[in-house]
Amino acid sequence: TMRSSILLSQLSLAGLVTIGCAFSPLAGSRLRTMPATTLMQSMKTQENAGKPFYIDTIQTEGDRRVLGSQELLMLPRQYQPKKTSEDTSFMMNDDAVIFPQMNHVSCTLLSKTPSETSLRQAIDETIRCHPLLRSYVEGDGEPDERIDAFQMVRKGDPNPCTFVAPYKNRFSSEDVLSIHSVTGNDRSALDKSWQKAFQRSLDDGSWCAPEKGPLWKMEFHRLNSDANSPCALLFAFNHAISDQTSANKITDQILTYVAEIEETGSIKMQAVTQEMPVALEDSVLGKKNRFSDVQIMGFRPGTISYVAGKAAEGFKSPVILPDGSGDGGGLLGAAATITGKSAGGKDQSSANRKSTVQFRTLSSKTVSALLNKCREQKVSISNALTAAMTLVASDFIDNGKERKGQKRNYKVLQSLDMRRFGEQLDKGETSACMAGSMDLIHGPILDRSGEKLRKNPTLERVDRFWKLASEGKNQTAAFIESKGPRDAVRVFDFAMTISDMNNLVYLTSESKSSQGRAYSAGVSNVGVYERQKSVRQIGQIARDTLKNTHGDYRIEDVFFATSHARTGCLYQLSAMTIGGELKCTFHPASPIVSEETNEKFANAFMETLEIISGTKEVTTSALAEMPDLLPPNLLPTITAALGAVAVLSHSDGFGTFFNSIMEMKANVDSPEDFWAALNFWIFFAVGHPILQPILWISDVLHGSPGPLIADLVPATFIAGNVIAIATIALSKEIRNSVNVAALCAFFAYVGAGLDGQAGLADFNLALDDPYAGKVVNGCPAYEKVRQPSMENFDLQKYQGLWYEQKFHDWTQFKEVYDTTLDIKLTADGEGWIDDFAVKGPSEKSAPLSWDKSPVANGAHYFLFGKVDKNDPKGVLRESGFGVTFPNYIVDVKKDPESGEYTEAIQFQCLERGGVRVFEGINFLNRKPEMTDAEMTAMHARAKKAGMYPYGASPEQMHTVARRPIDAPEIDNSWQAMWRAIGVDKLLELVTESIEDGGR
């Protein structure tokens with residue numbers, strides 16, 4: 001319906017439309033034009049006849065579309081082109097590096113050899129149907145400027161890389177097809193020819209000039225014998241226009257046409273000419289929803305969680321290179337890359353890396369048995385393949401030098417067809433690159449686990465294999481259910497839009513530390529060939545599935561791969577099932593993985609699948625396995641994993657906070673105001689989690705058994721500290737674990753404050769936090785909360801000592817007690833001083849150590865403010881920690897006889913850019929204690945004032961603990977010690993200096 005509406009609107013404007021009609025296989029395509037009125041009448045007639053009507057294309061000058069981020073990576077977009085007077089695209093500075101294209105190769109082996117004539121006709125007709133097969137690229141993709149010191153951050157995109165697909169075929173089979181005649185008459189000679197071309201085409205993309213096109217080519221390898229001999233059709237694509245699903249579709253279309261031409265002399269069933277496919281980002285996120293369209297508004301809390309999860313993967317330190325090949329770079333390497341340098345320095349031999357390729361076929365018997373086993377275990381074939389790749393990778397990671405007891409983590413790149421996710425705008429009608437991926441983290445896994453499984457497949461080892469496959473399934477399900485595909489696309493699109501990601505990829509490929517490796521292994525499994533959809537024929541409603549036989553031509557093999565020579569996975573598998581057999585291509589980078597090692601790897605992988613499926617029997621030993629030794633980094637890894645879980649449990653809180661901060665930054669004109677407000681938040685957000693371990697250690701100290709030294713510290717506490725400090729100092733494992741635990745605990749505690757789990761009264765850190773399920777933005781005007789009791793408010797009467805009864809305020813600590821506020825006006829009446837007195841910690845917060853604290857008998861802090869004559873009476877201006885905000889006196893209660901104020905409700909609120917950064921509410925009374933009835937009445941007045949959404953409800957406020965008013969000062973050996981070293985004098989000095997400074 002949408003497409004018809006678009007067509008009709010175009011018809012009404014143009015009056016003419018070009019439609020596809022009959023095509024002669026000899027003369028190529030013939031087009032005719034039809035007036036709009038005739039066309040619509042034809043549509044109406046077809047509809048009345050109950051037949052679908054398809055317009056294969058609207059003929060204008062051609063289809064155009066700006067490349068998406070994924071396509072720019074594959075193309076790739078270049079870096080630092082030279083601007084000439086003609087603004088020629090793809091011309092580089094003399095010292096610039098031309099980034100090689102990402103190559104995608106697919107080879108189909110046929111049982112018979114078609115004629116060159118029929119093959120060319122089939123190719124010409126196929127090109128007509130698919131815009132990207134007849135495309136070239138305009139635009140250099142250079143930004144207006146690069147705005148960072150390292151020349152990585154882009155601003156503007158005045159001349160974006162753009163696909164251009166003329167409707168009048170710019171290319172034909174003459175441009176894409178080359179004939180390779182093979183000497184010999186048997187399959188081995190043919191295999192030698194196409195396999196050599198396959199390996200060459202993986203790494204050499206010099207044949208493709210994007211600004212000219214075409215962006216693909218095809219090689220026809222045929223024996224010098226009759227048509228009954230086998231042949232090979234080898235496709236090479238710039239990966240920006242294809243994935244293997246697309247290659248399968250194109251292969252099927254060409255073979256369909258070849259068979260039809262050779263049987264009938266012409267093509268009877270013509271395919272619909274497709275429109276330019278959407279970019280991957282548009283297919284997943286929806287149109288007009290790229291980062292360039294929506295900026296950071298496209299981010300959601302889940303996106304932040306995704307980024308945090310990716311960052312957490314680094315804590316597991318997955319192995320990406322065999323022993324002795326490099327250290328991988330790690331976080332320092334990543335930091336170096338961002339600054340424009342290759343981690344560990346430039347590897348001068350990086351340009352010599354080439355793909356080394358092995359081809360294998362898993363028999364239909366084994367595939368069927370493996371599928372049955374997978375069904376029993378409730379996993380997929382893909383899950384089994386990733387498990388097998390991980391285990392076999394563990395056999396070769398030690399580089400032939402066995403390290404007994406060594407365990408490692410593995411990061412496996414699992415390819416995904418992104419057509420299945422998000423908005424799913426790409427329906428697979430035409431060739432496009434919709435290749436995505438996700439990371440699987442497996443481990444720790446003992447070195448040579450795959451070898452042990454193959455030599456002695458005990459029940460325990462087989463069970464480990466299926467548990468690994470199940471882990472992969474669960475990680476995949478969690479990724480999809482959490483909208484990971486959307487987040488992955490969103491984050492990559494953001495990074496590609498604002499930065500020169502292709503240059504980062506290049507720097508990684510040049511790195512001595514990583515040698516271009518980012519993953520332990522990779523698996524691309526495109527599923528069953530015969531279950532995929534073919535192109536749509538004109539007049540066809542439902543598309544057919546692909547066929548492995550077309551007339552006399554039967555597909556015997558299909559192998560495919562993308563290049564990992566420059567960057568990618570350490571070990572890589574590309575697989576597809578056709579005719580019941582699993583076709584496997586192993587294509588890592590040499591010399592990182594030698595040809596000999598790749599051959600052994602491929603054999604070991606196939607044997608692993610045969611053993612797991614049960615088609616290869618191996619005698620198992622009843623001897624018990626030796627227990628594995630604990631590997632290095634086990635404790636820090638476990639700590640990091642648990643810590644990451646704790647931090648990520650608050651991901652929604654972090655995500656919402658990030659969005660609020662971005663909103664505030666966008667709306668605040670002055671950077672100084674923005675940072676002052678944010679620093680105010682950070683100061684107290686940091687203070688609370690730092691206090692918690694201090695209180696805990698204090699209680700441990702005073703709860704330790706045994707005799708006291710100097711009547712102060714238990715001897716067992718000192719002994720325990722000596723042991724703990726020595727252990728941390730001498731053990732790197734424990735030291736790292738403690739550091740990781742402390743860091744994770746800190747962020748988890750802050751996260752709990754952001755999502756309200758750490759207490760709504762004293763540590764509710766959320767900005768614009770919600771109440772009763774609704775977000776309350778910003779601060780209210782004083783008139784919105786001011787109560788009638790404030791009529792004729794007298795600030796002179798408000799002076800004096802107030803006892804704080806309850807508070808909602810994250811600048812205060814729930815651990816303190818006996819809090820009072822002594823408010824005084826300055827002599828000129830234009831300022832005020834708040835002598836804020838606290839004691840702490842309370843007995844409830846630290847039952848074993850509360851009376852040992854240096855402030856157990858109190859400490860004073862002063863807040864200062866102004867009385868602005870332009871403000872309504874009842875508004876004081878409060879300053880502290882770099883910010884100024886209003887302190888509303890919302891409600892007072894008067895003594896009926898004296899008229900003095902006996903109760904008060906204060907409300908402080910800090911807002912910047914429409915975002916509420918802080919709110920504080922204080923219930924004050926002239927008496928140390930209040931009855932339950934008095935407190936209930938105070939809450940009722942606060943609710944009437946509309947302050948519940950800001951934290952005044954009972955569950956959002958903390959009741960200040962109090963000792964009896966006549967309780968004596970605390971005096972014990974600890975207090976004597978504090979006095980002896982002058983802590984009391986120091987506190988008095990600090991108090992006086994603050995007060996004098998305020999005056």
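Visitor: Is Asp891 buried or exposed?

Guide: Buried means under 20% relative accessible area, exposed over 50%, and partly exposed in between, with a 1.4 Å probe and protein chains only. Asp891 has a relative accessible area of 5%, so Asp891 is buried. A word on the background: this is a predicted model, where local features need pLDDT of at least 70 and side-chain atom pairs count only at pLDDT 80 or more, while totals for chains, interfaces and linings use all residues. Residues are numbered from 1 along each chain as its sequence is written, and side-chain values use heavy atoms, with hydrogens and water left out.

Visitor: Which side chain meets that of Asp891 in a salt bridge?

Guide: A salt bridge is a side-chain nitrogen of Lys or Arg within 4 Å of a carboxyl oxygen of Asp or Glu. Here the partner of Asp891 is Arg941, at 2.7 Å from N to O. Helices (H or I, at least four residues) and strands (E, at least two) are DSSP runs, numbered from the N terminus. Asp891 belongs to strand E31 (residues 883-894) and Arg941 to helix H26 (residues 932-944), so the pair ties together parts 50 residues apart in sequence. Arg941 counts as buried too, because its relative accessibility is 19%.

Visitor: How many salt bridges does the structure hold?

Guide: There are 56 salt bridges in the structure. One of them joins the side chains of Arg543 and Glu429, at 3.9 Å from N to O, and both residues are buried. Another links Arg916 with Glu919, whose closest N and O atoms are 2.9 Å apart; Arg916 and Glu919 are both buried. Salt bridges can also share partners: Arg187, Asp191, Arg554, Glu556, Asp557, Glu581 and Lys583 are joined into one network in this way.

Visitor: How do I read strand pairing, and which strand is joined to E13?

Guide: Two strands pair if DSSP finds at least two bridges between them. Strand E20 (residues 581-586) is joined to E13 by five bridges, and the two run antiparallel. Within this pairing, Arg360 stands opposite Cys584 in E20. Four of the five residues of E13 (residues 358-362) are buried, so the strand is largely enclosed by the rest of the structure.

Visitor: And contacts? Which residues does Arg486 touch?

Guide: Contact means heavy atoms within 4.5 Å. Not counting residues up to four places away in sequence, Arg486 touches Val284, Leu285, Gly422 and Glu423. Arg486 sits in helix H16 (residues 484-498) and counts as partly exposed because its relative accessibility is 25%.
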